[in-house]
Amino acid sequence: NGQGFDRHLFGLRQMALELGLPEPMLFKDPVFTKMRSFQLYTTKMPLTINRRIIAGGCPWKNVKDSYCVTYHIYGDNCSYFMCSFKDCETNDCFKLAAAFEQSMKDLRKLLLHMPLLSKL
């Protein structure tokens, strides 16, 4: 729903930059720095035509040992795009993608064999 707090903080930082104001102190706080060092960034892919993704990308911060996963869920389908820095020896997008795909298959199998409990 686009309600992630990081978007609001990005807006605050950009406004200060565009108005020529000093960067707000919040962005110099060690807690903020730690918050921006997550190893997994996720975001919804916005660009589709006829329910097919035509663009993907990872607008994540420069944290070298991190991954970015963009995704789009429509109907019974889920498409995703994963990336990481090539020169990071600890990351492997192919392994992450294979693990994610297997997890989705396992989850599907589990849900298909689960009795329907909801009366909605």
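Is Ala-16 buried or exposed? Ala-16 is buried, because its relative accessible area is 8% and the cut-off for buried is under 20%. The model is predicted. The protein holds three helices and five strands. From the N terminus, the order of elements is α-α-β-β-β-β-β-α.

**Overall picture**

- The protein has 120 residues, and 20% of them count as buried.
- Take the contacts between residues at least 6 apart in sequence: 42% of them join residues at least 24 apart.

**Ala-16 and helix α1**

- Ala-16 sits in helix α1, which covers residues 5–18.
- Beyond four places in sequence, Ala-16 touches Leu-21, Pro-22 and Pro-24.

**Strand β4 and its partners**

- Strand β4 spans residues 67–74 and is mostly covered. Six of its eight residues are buried.
- Strand β1, residues 40–44, runs parallel to β4, and five bridges join the two.
- Strand β5, residues 77–84, runs antiparallel to β4, with eight bridges between them.
- Thr-70 ties into both pairings. Thr-70 of β4 is the bridge partner of Thr-43, and Phe-81 in β5 is the bridge partner of Thr-70.
- The hairpin of β4 and β5 has two residues between the strands. Gly-75 in this hairpin takes a positive phi near 55 degrees.
- In a regular strand, side chains alternate between the two faces of the sheet.

- Helix α3 covers residues 93–112, which makes 20 residues. At 1.5 Å a residue it should span 28 Å, and its end C-alpha atoms are 28 Å apart, so the two values agree.
- At the start of α3, a side-chain oxygen of Asp-92 comes to within 3.0 Å of the backbone nitrogen of Phe-94.
- The largest nonpolar core has five residues: Tyr-67, Val-69, Met-82, Cys-93 and Ala-97. At least two residues of this core come from β4, and at least two from α3.
- Ala-97 touches Tyr-80 and Met-82, leaving out residues up to four places away in sequence.

- Asn-91 lies in the loop between β5 and α3.
- Asn-91 counts as buried because its relative accessible area is 13%, and the cut-off is under 20%.
- A polar atom of the Asn-91 side chain lies 2.9 Å from the backbone oxygen of Ser-66.
- Setting aside neighbours within four places in sequence, Asn-91 is in contact with Lys-64, Asp-65, Ser-66, Tyr-67 and Ser-84. One of these, Tyr-67, also belongs to the largest nonpolar core.

- Phe-38 is found in the loop between α2, residues 30–35, and β1.
- Phe-38 counts as partly exposed, because its relative accessibility is 47%. That value falls between the cut-offs of 20% and 50%.
- Phe-38 is in contact with Val-63 and Ser-66, neighbours within four places in sequence aside.
- Phe-38 and Asp-65 are 27 residues apart in sequence. Their C-alpha atoms are 9.3 Å apart in space.

How values were computed. Residues are numbered from 1 along each chain as its sequence is written. This is a predicted model: local features need pLDDT of at least 70, side-chain atom pairs count only at pLDDT 80 or more; totals for chains, interfaces and linings use all residues. Side-chain values use heavy atoms; hydrogens and water are left out. Helices (H or I, at least four residues) and strands (E, at least two) are DSSP runs, numbered from the N terminus. Buried means under 20% relative accessible area, exposed over 50%, partly exposed in between (1.4 Å probe, protein chains only). Contact means heavy atoms within 4.5 Å. Two strands pair if DSSP finds at least two bridges between them. The expected span of a helix is 1.5 Å times one less than its number of residues. A polar contact is a pair of N or O atoms within 3.5 Å; within protein, one must be able to donate a hydrogen and the other to accept it, and residues adjacent in sequence count only if both atoms are side-chain atoms. A nonpolar core is a set of buried Ala, Val, Leu, Ile, Met, Phe, Trp, Tyr and Cys residues joined through side-chain atoms within 4.5 Å.
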